[in-house]
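Hi,

Here is the structure I said I would pass on.

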Amino acid sequence: MKILDACGLTCTFCHNEGTPVAIDNRHRSSGEFVASGSSGRASIYAGTNGATFLAAPMPDNDEFEQAIAALRDALELTELHLTGGEPTLHSAVARLTRIAVETGYRVGMTSNGERGERVIPDCAAAGLDRVNFSTFGTTAAELAEVQHARYRNPVLAQRKIDALKESITTCETNGVKASANIVVPDYSHAPRVHRLLDEYSPHLTVRLLNSLDRGASSIDAIERILADRGAVAEARHIIAGVSGARTIYRLPDGRRIYFKQIRPVRLPSTCTGCQFNNGTDCEEGFYGIRLYYDRTGSFQVGVCIQRMDLCLPLSEFLNSPLRREILLLRNTEYRQLKARRAG
């Protein structure tokens with residue numbers, strides 16, 4: 001669930017959950033959206049993915065509660081994940097968390113940590129289960145390198161690094177599980193991984209993500225890093241009906257580290273005939289549904305950040321063949337995986 005569009009970073013590779021950067025497109029109409037603008041922020045697919053709306057802050061009201069309850073029932077959901085932009089910038093993020101928890105969801109969040117120290121305690125009290133921290137650099141130089149050219153300021157980057165560390169500590173203090181997501185394009189990024197493991201709290205779960213546009217070189221780099229640390233594969237977790245999967249490795253000291261990969265999962269009807277439905281252009285597969293709130297005050301449901309033209313208003317989605325297709329895919333693959341595991 002994208003709860004707002006604002007963010008304090010300008011990462012050059014950001015997909016912004018598929019929606020155009022609102023501040024750069026506020027005077028543009030559908031069909032005129034651009035992938036980047038004067039803010040320095042990026043939404044890498046927005047110029048080509050057919051997005052028809054700009055995201056607005058998610059409301060913390062009865063309408064929101066009804067929307068997530070309807071999705072819960074329609075898709076038999078148990079988990080909701082808050083994203084942005086940067087979700088800690090939403091003034092009512094704790095209230096949204098509480099509503100979701102009371103509606104029956106386990107609630108997680110993806111954050112860059114820039115405001116976590118201030119808001120995570122209230123979110124924890126509201127029932128927040130975990131935070132996945134997107135870690136784009138473990139030093140100021142690393143973080144500055146992936147920002148827009150106008151914002152490659154090591155001093156500012158160091159403030160962001162410090163805020164991230166405080167947010168991780170705040171999670172630990174308040175009983176919220178914390179993990180660091182780090183993309184490894186190639187082996188030159190190994191020092192970042194080693195710093196996360198050596199310098200951050202041992203309670204921080206580290207998750208290594210392969211870079212989708214680097215192919216085998218990224219996977220090889222992660223496997224080499226794991227070998228450097230003496231990691232041993234322990235288990236593989238697959239979620240039926242979506243593309244996310246992860247392998248758990250155990251380090252010699254007993255700590256766990258995760259290797260997260262994308263499986264080639266496609267919606268059997270919706271993805272058929274799509275121009276991206278091949279081994280190189282479809283970067284995420286079917287990752288799950290995303291809930292948005294647009295500037296006209298409507299909830300939108302999306303199934304692909306590269307094909308935002310597939311988004312449907314919530315009321316339409318609930319009664320659509322797309323909803324049934326998602327359930328059928330999940331149930332079919334679950335049976336297949338269960339049978340394979342049984343031998």
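This is a predicted model: local features need pLDDT of at least 70, side-chain atom pairs count only at pLDDT 80 or more; totals for chains, interfaces and linings use all residues.

Let me begin with H4 and H6. Helix H4 covers residues 116–126 and helix H6 covers residues 154–173; their axes are 8 Å apart and meet at an angle of about 20°. Angles under 35 degrees count as roughly parallel, so H4 is roughly parallel to H6. The crossing of these two, H4 and H6, is right-handed. On the H4 side the contact is made by Gly116, Glu117, Ile120 and Pro121, and on the H6 side by Glu166, Ser167, Thr170 and Cys171. Sorted by class, that contact of H4 with H6 has three nonpolar, three polar and two charged residues.

An α-helix has 3.6 residues a turn, so residues three or four places apart point the same way.

H6 itself has 20 residues. From its first C-alpha to its last it reaches 28 Å, close to the 28 Å expected at 1.5 Å a residue. Which of its residues are buried? In H6 they are Ala157, Lys160, Ile161, Ala163, Leu164, Ser167, Ile168, Thr170 and Cys171. And what covers the buried residues of H6? The cover includes H4, strand S3 (130–134), helix H5 (140–145) and strand S4 (177–184). Note that Ser167, Thr170 and Cys171 are on the buried list and also take part in the contact with H4.

The second pair is H2 and H3. Helix H2 (residues 62–75) packs on helix H3 (residues 93–102) at an angle of about 45°, and their axes are 10 Å apart. That angle makes H2 oblique to H3. Here, too, the crossing is described as right-handed, with H2 passing H3. Phe64, Glu65 and Ile68 are the H2 residues in the contact, and they meet Leu96, Ile99 and Ala100 of H3. By class, this contact of H2 with H3 has five nonpolar, no polar and one charged residues.

A last item from H2 is Ala69, which sits in that helix. Is Ala69 buried or exposed? Its relative accessibility is 16%, so Ala69 counts as buried, the cut-off being under 20%. The C-alpha atom of Ala69 is separated by 9.3 Å from that of Tyr105, although the two residues are 36 residues apart along the chain.

Cheers

Methods:
Residues are numbered from 1 along each chain as its sequence is written. Side-chain values use heavy atoms; hydrogens and water are left out. Axes are lines fitted to C-alpha atoms, for helices over the stretch in contact, and angles run from 0 to 180 degrees between N-to-C directions. Helices (H or I, at least four residues) and strands (E, at least two) are DSSP runs, numbered from the N terminus. Angles under 35 degrees count as roughly parallel, over 145 as roughly antiparallel, 65 to 115 as roughly perpendicular and the rest as oblique. A crossing is left-handed if the near helix is turned anticlockwise from the far one by less than a right angle, and right-handed if clockwise. Contact means heavy atoms within 4.5 Å. Ala, Val, Leu, Ile, Met, Phe, Trp, Tyr, Cys and Pro count as nonpolar, Asp, Glu, Lys and Arg as charged, and the others, Gly among them, as polar. The expected span of a helix is 1.5 Å times one less than its number of residues. Buried means under 20% relative accessible area, exposed over 50%, partly exposed in between (1.4 Å probe, protein chains only).
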